Amino acid sequence: MLLHRIVNKDLLHTRVKLCRTMLWRCQMEKSEIETIKIILSKFTDEEQYHRERSADELSHWLKKNKVRTKRMKWVCPKKPQETIPLKCGIRPDNMDLVYDSQNHPDTEEKWNKAVFFSKQFGCYKWPKTISVVVPAKHPQIERTKLNECEKAIVAAFEDAEMYSKWIELLVLEKEDLSQINGHTIWIIKYLLRNFPGSTIIYNQITRTLQELLKSRQRAEQRLAAEFFAGVAMGTKYRGFKELNKLWSWLAPAVDLLYDYLNADAYFSWHFCVTNMFGWYMTFKNGFGVNTVQLKEN
């Protein structure tokens, strides 16, 4: 009934909004193709309310229906038997966390052997095992065949006209909106993570990021921060060659941006770099490593 009501052009706008809210709350991450099409149809709507709701709903759906990673149990180091219970200094059981500036995973061989983790664990002792993503020498995500909802999302964002309109509206909103739009970050992240087979989406997003990083306008620099966070998080499992190619231009571009960063865009970049990244980033010859290296396996 709600699906039929929401497409009724005779309804007052207040009732359309109410109907839309009820429809989404009834389904949320279990939304089916009809609801997804309604969300996508309002993604570049002239009314900001509909655009914001669509971005909120789509980012939630993409996150809850994200592609799962292939994981394994990493056996944690055992605590050595010592006379002093909490000995200060370099401890043998913490050697796997010591940063080795002379041994970056900067070759495909090293990268494919390295084990990474991106979540924080306790402070006092290791658990017996930690669930981590398998090394890059194995497929790291379980990408099954696209369902009807995913096909509709891919088709929408591969549409050059719809994508260009979306970017245009985002830039327009950033003129007067200094706050971070988390929905944009999550949409970018999960478009790249969930649909690695779509080269069109990947090329469009990275091309947009390149153009935004060259701009000296505050709105575009603000949006660049959100795109940067989404791209950095969404490409973690792309493999060494693709990541190396990406960061070979992205790292210098971000470094150059900071030379002429608009004061009005500083908060956006500060927030994205310090709060959106649940991992540490290092740059080696223009290549960014998105997680903390534990050990080679």
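Asp-264 is partly exposed, with a relative accessible area of 37%. Its side chain meets that of Arg-218 in a salt bridge, 3.2 Å from N to O. Arg-218 sits in helix H10, while Asp-264 lies in the loop between helix H11 (240-257) and helix H12 (266-276), so the pair ties together parts that are 46 residues apart in sequence. Arg-218 counts as partly exposed too, because its relative accessibility is 29%. This is a predicted model.

Why do such pairs form? Side chains of opposite charge can pair when their charged atoms come close. The structure holds nine salt bridges. Another one of them joins Glu-242 and Arg-238, whose closest N and O atoms are 3.2 Å apart. Glu-242 is partly exposed, at 28% relative accessible area. Arg-238 has a value of 14%, and is therefore buried. The cut-off for buried is under 20%.

Now look at helix H4, residues 48-64. How far apart are its end C-alpha atoms? They are 24 Å apart, which agrees with the span that its 17 residues should have at 1.5 Å a residue. Several residues of H4 are buried, including His-50, Ala-55, Leu-58, Trp-61 and Leu-62. Arg-53 is partly exposed at 23%, and Asp-56 is partly exposed at 22%.

Return to helix H10, which covers residues 218-234 and contains Gln-221. Is Gln-221 buried or exposed? At 0% relative accessibility, Gln-221 counts as buried. A polar atom of the Gln-221 side chain lies 2.7 Å from the backbone nitrogen of Asn-262. Gln-221 also touches residues beyond four places away in sequence, among them Ser-215, Leu-257, Tyr-260, Ala-265 and Trp-269.

Ile-90 lies in the loop between strand E1 (71-75) and helix H5 (108-113). At 70% relative accessibility, Ile-90 counts as exposed. Together with Met-95 and Val-98, Ile-90 makes a nonpolar surface patch of about 310 Å².

Finally, step back to the whole protein. There are 12 helices and six strands. Of the 297 residues, 44% are buried. The protein exposes about 17,000 Å², and carbon and sulfur atoms supply 52% of that area. Among contacts with a separation of 6 or more, 75% come from residues 24 or more positions apart.

Note on methods
Residues are numbered from 1 along each chain as its sequence is written. This is a predicted model: local features need pLDDT of at least 70, side-chain atom pairs count only at pLDDT 80 or more; totals for chains, interfaces and linings use all residues. Side-chain values use heavy atoms; hydrogens and water are left out. Patches are made of residues with over 30% relative accessible area and no salt bridge: like charges are joined within 9 Å, nonpolar side chains (Val, Leu, Ile, Met, Phe, Trp, Tyr) within 5 Å. Accessible areas come from the Shrake-Rupley method with a 1.4 Å probe; for residues, only the protein chains shown count as cover. A salt bridge is a side-chain nitrogen of Lys or Arg within 4 Å of a carboxyl oxygen of Asp or Glu. Helices (H or I, at least four residues) and strands (E, at least two) are DSSP runs, numbered from the N terminus. Buried means under 20% relative accessible area, exposed over 50%, partly exposed in between (1.4 Å probe, protein chains only). A polar contact is a pair of N or O atoms within 3.5 Å; within protein, one must be able to donate a hydrogen and the other to accept it, and residues adjacent in sequence count only if both atoms are side-chain atoms. Contact means heavy atoms within 4.5 Å. The expected span of a helix is 1.5 Å times one less than its number of residues.
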